[in-house]
Amino acid sequence: MVDRQYRKLFAAGIINGMGDRFCQIALLALIYRLTGSGFSVGIMLGLRVIPFLVLSPVAGVLITRISRRMLMMTTDLFRGLAALAFLSVHSPEDIWIIYGVSTLLACGEALYAPARKSSIPLLVHPSELLKVNSLEQVMSGLVLVVGAAAGGIISALFGPQAAFILNAASFFAAGLIVRNIAFPPVMKEKISREDHPNRSRSRMLDCIRASVPLQVVVAFELLVPMLNGIDNVLISVYAVQEFRLGDAGIGLFYAALGAGLVASYAIGHLFSGSLLKGGLVCLLLEGILLMGLSGIYHAWAAVAIYFLISLAGGVGAICLDTLLMRETPLYLQGPLLGMLTAWSQGIIGLSMFGAGVAIEMMEPRMLGLVGGAGFVVISIVISMYYARIRSRKAAGV
């Protein structure tokens, strides 16, 4: 049985995520309708990521200084109020409001995400980490299945304003749930309050150098986001431009991704004894499937491919998240997660901006093929690095 306190965190994540997904689907469709430009979509997605560069490391420090509950409640309230500003967008001249408010919402998420993720090892027993990280993928999947599909339908039937109102309400509701979570204190016997600001970075680097699995996780966080931006931009372009499915098509594709994440719960435990290999194999499969997607011309076949892509990605995330939590001391998880979030989100922001530019100069399917091939190359490179380190250690070098 999963800890009661984690169940509250899970429920808040479901509500929070679904409302946010309503908003994202509505925004993607609204921007494309107002501008007709994949470049504009790329700008919006890129701007949402920029705050992670600055605020995620700050979140890592705040986590060690103030209550996680207070940090998450405050960011939920801030995001709920900010989301209401989208109601004032009515014409192409209002596009700056979308860019500005999206950036503000990203500021809240940059503080919220590391606080939430670093709370998991505090709320559950170490033996339950694999199960709980599988549940995290189920949560993400349900958000996509229900949130994206319903968000596309609501946006199509009632207009994006309905989705924006639901988004704001979801933040407020999630904040109320988080208010009732009891967080145990983090033991700090290995680090004092006085030397933490100056030495936490060196301690993190020492921890990474001492652990090959952590080195692989860091490599994932640095390399894979370089290509994730392509997928984020292409999914709406594929739905609207290539398959002519409109708003509902964006929701359908995201729902397929969500279904794959939910299904990953049933498979993740199969890699409990080989988390590192599981993550590498899943990354390779993602790349192969993305390359195949670029050659698909039937909408339902594309839905099936998106399901499989997400299934592989979900299992890989279960493996790598569990690996990170097992290899990193509790007192370093907040700062490390903040730093990794800043790196990965900063890189993905540049990737999305680059994808927005690239899609103006090349066919979407060719861009998708390039992105898929990149996943395959990264998987092979990381696997070669891991094999080399293992062989050197076996030889006593």
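Q: Which helix of the chain has the lowest mean pLDDT in this predicted model?
A: The model is predicted, and over the chain the pLDDT averages 82, with 90% of the residues scoring at least 70. Among the elements of the chain, the highest mean, 92, belongs to helix α11 (residues 275-293). At the other end of the range, with a mean of 70, stands helix α7, residues 196-209.

Q: How many helices and how many strands are in the chain?
A: Read from the N terminus on, the elements run α-α-α-α-α-α-α-α-α-α-α-α-α-α. The count for the chain is therefore zero strands and 14 helices.

Q: What is the radius of gyration of the chain?
A: The C-alpha atoms fill a box of roughly 60 × 45 × 40 Å along the principal axes. For 397 residues the globule rule gives 21 Å, and the value for the chain is close to that, so the chain is as compact as a globular protein of that length. The radius of gyration is 20 Å.

Q: Are helices α1 and α6 roughly parallel or roughly antiparallel to each other?
A: The axes of α1 (residues 4-35) and α6 (residues 160-178) come within 8 Å and cross at roughly 160°, while α1 passes α6 in a left-handed crossing. Because angles over 145 degrees count as roughly antiparallel, the description that applies to α1 and α6 is roughly antiparallel.

Q: How many residues of the contact of α1 with α6 are nonpolar?
A: The contact is made by residues including Ala 11, Ile 15, Phe 22 and Leu 30 of α1 together with Phe 164, Leu 166, Phe 171 and Ile 177 of α6. Divided by class, this contact has four polar residues and two charged ones, and the nonpolar residues number 17.

Q: What is the handedness of the crossing in which α3 passes α4?
A: Helix α3 (residues 68-83) and helix α4 (residues 95-123) pack at an angle of about 155°, with their axes 9 Å apart, and they are therefore roughly antiparallel to each other. The crossing in which α3 passes α4 is left-handed.

Q: How many charged residues does the contact of α3 with α4 have?
A: Among the residues that make this contact are Arg 68, Asp 76 and Arg 79 of α3, as well as Glu 109 and Arg 116 of α4. By class, the contact has twelve nonpolar and four polar residues, and the charged residues number five.

Q: At roughly what angle do the axes of α3 and α6 cross?
A: Helix α3 passes α6 in a left-handed crossing, and among the residues that meet there are Met 72, Met 73 and Leu 77 in α3 and Phe 164, Phe 171 and Phe 172 in α6. By class, this contact has eleven nonpolar, three polar and three charged residues. The axes come within 8 Å, and the angle at which they cross is roughly 165°.

Note on methods
Residues numbered from 1 in each chain as written. Predicted model: local features only at pLDDT ≥ 70, side-chain atom pairs only at ≥ 80, totals over all residues. Heavy atoms only, no water. Axes fitted to C-alpha atoms, helices over the stretch in contact; angles between N-to-C directions. Helix = DSSP H or I, 4+ residues; strand = E, 2+ residues; numbered from the N terminus. Parallel < 35°, antiparallel > 145°, perpendicular 65-115°, else oblique. Left-handed = near helix turned anticlockwise from the far one by under 90°. Contact = heavy atoms within 4.5 Å. Nonpolar A, V, L, I, M, F, W, Y, C, P; charged D, E, K, R; others polar. pLDDT = per-residue confidence, 0-100. Rg over C-alpha atoms; globule rule 2.2 N^0.38 Å.
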